Amino acid sequence: MDKFPVLRNGEPVGEMMIEQEQLYTWFDIHWTKPDAGIWCAWAIGTDGELRVGVMEPQGQQAVIRRRFSDRMAAPIGKLLRGEIRPIGETQVSWEKVENPSKVLRTPWLRQSLNGKQKLLYRRGQSYLYLAVPYQPRQPFPLTPLFCFAKLRQINGDRYLQFIFDEKEHPTFEK
């Protein structure tokens, strides 16, 4: 049995236990001291996300135990953590880039982003999504890639999203 943290808004709030049983994976998620409302549990992996289901209140916690076939669980890749989100929220989960050299292989990208604050990334199937903070009166980040940038809001802040393929070549959203 493997254990992973469960986060809500980036803060740890519980635990997710994973158990393999032949061709199935069990997800057992516990959230201590849940907020009022209807909440959904998600399993987050290196290549995607899996909606586990709606959390059930049980005393001072909320729980869910659910089984998925390996065919359904495998596309999310290696498990990283669980997340709790309000029901109906399908926002994409972003991770902070603490050190660009741990996320990026290309020397030019590493050097261009070294020292930048509030960088975010997520991995999709064979793509790396990189979000760089954007301020209209500041120099444009990654200037040579300006035509690949997509302006978007993440957690209320402005970002430029760039997408890179498996060789870290910039690409447009599919």
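Where does Gly 10 lie? Gly 10 is placed in the loop between strand 1 (2-8) and strand 2 (11-21), strands being DSSP runs of E of at least two residues and helices DSSP runs of H or I of at least four, numbered from the N terminus. The model is predicted, so that local features need pLDDT of at least 70 and side-chain atom pairs count only at pLDDT 80 or more, whereas totals for chains, interfaces and linings use all residues. Residues are numbered from 1 along each chain as its sequence is written, and side-chain values use heavy atoms, with hydrogens and water left out.

Gly 10 is exposed, with a relative accessible area of 55%; exposed denotes over 50% relative accessible area, buried under 20%, and partly exposed the range in between (1.4 Å probe, protein chains only). The C-alpha atoms of Gly 10 and Glu 83 are 8.5 Å apart in space, although 73 residues separate the two in sequence.

The protein chain contains three helices and 14 strands. The C-alpha trace spans about 55 × 35 × 25 Å along its principal axes. Of the 174 residues in the protein chain, 40% are buried. The accessible surface comes to about 10800 Å², and 49% of this surface belongs to carbon and sulfur atoms; areas come from the Shrake-Rupley method with a 1.4 Å probe, and for residues only the protein chains shown count as cover. Among contacts (heavy atoms within 4.5 Å) with a separation of 6 or more, 55% are accounted for by residues 24 or more positions apart.

Several strands are paired, a pairing being assigned if DSSP finds at least two bridges between two strands. Strand 3 (residues 24-32) and strand 7 (residues 61-69) are antiparallel and share nine bridges. Within strand 7, Arg 67 is the residue opposite Trp 26. Strand 7 is also joined in the antiparallel sense to strand 6 (residues 56-58), by three bridges, and Gln 58 stands opposite Gln 61. Strands 6 and 7 form a hairpin with two residues between the strands, in which Gly 59 takes a positive phi near 65 degrees. A further antiparallel pair consists of strand 4 and strand 5, joined by five bridges. Three residues lie between the strands of this hairpin, and Cys 40 has Val 54 in strand 5 as its bridge partner.

Val 54 belongs to strand 5 (residues 49-54) and is classed as partly exposed because its relative accessibility is 35%. Together with Ile 38 and Ile 87, Val 54 makes a nonpolar surface patch of about 240 Å². Such patches consist of residues with over 30% relative accessible area and no salt bridge, nonpolar side chains (Val, Leu, Ile, Met, Phe, Trp, Tyr) being joined within 5 Å and like charges within 9 Å; a salt bridge is a side-chain nitrogen of Lys or Arg within 4 Å of a carboxyl oxygen of Asp or Glu.

The interior was examined in terms of nonpolar cores, that is, sets of buried Ala, Val, Leu, Ile, Met, Phe, Trp, Tyr and Cys residues joined through side-chain atoms within 4.5 Å. The largest nonpolar core has 21 residues, and those with the most contacts inside it are Met 16, Phe 27, Ile 29, Met 55 and Ile 84. Two or more residues are given to this core by each of strand 1, strand 2, strand 3, strand 4 (39-45), strand 5, strand 7 and strand 8 (79-86). Beyond its neighbours within four places in sequence, Ile 84 is in contact with residues including Val 6, Val 13, Ile 29, Trp 39, Cys 40 and Met 55. A second, separate core comprises 16 residues, among them Leu 104, Leu 109, Val 132 and Leu 145.

Ile 18, in strand 2, counts as buried because its relative accessibility is 6%. With neighbours within four places in sequence left aside, the contacts of Ile 18 include Met 1, Phe 4, Trp 26, Phe 27 and Leu 79. The C-alpha distance between Ile 18 and Arg 65 is 9.8 Å, with a sequence separation of 47 residues.

Positive phi values also occur in residues other than glycine. Lys 118 has a positive phi of about 65 degrees; this residue is located in the loop between helix 3 (107-113) and strand 10 (120-124) and counts as exposed at 53% relative accessibility. Leu 142 has a positive phi near 50 degrees and is found in the loop between strand 11 (127-133) and strand 12 (150-154). Leu 142 is buried, with a relative accessible area of 6%.
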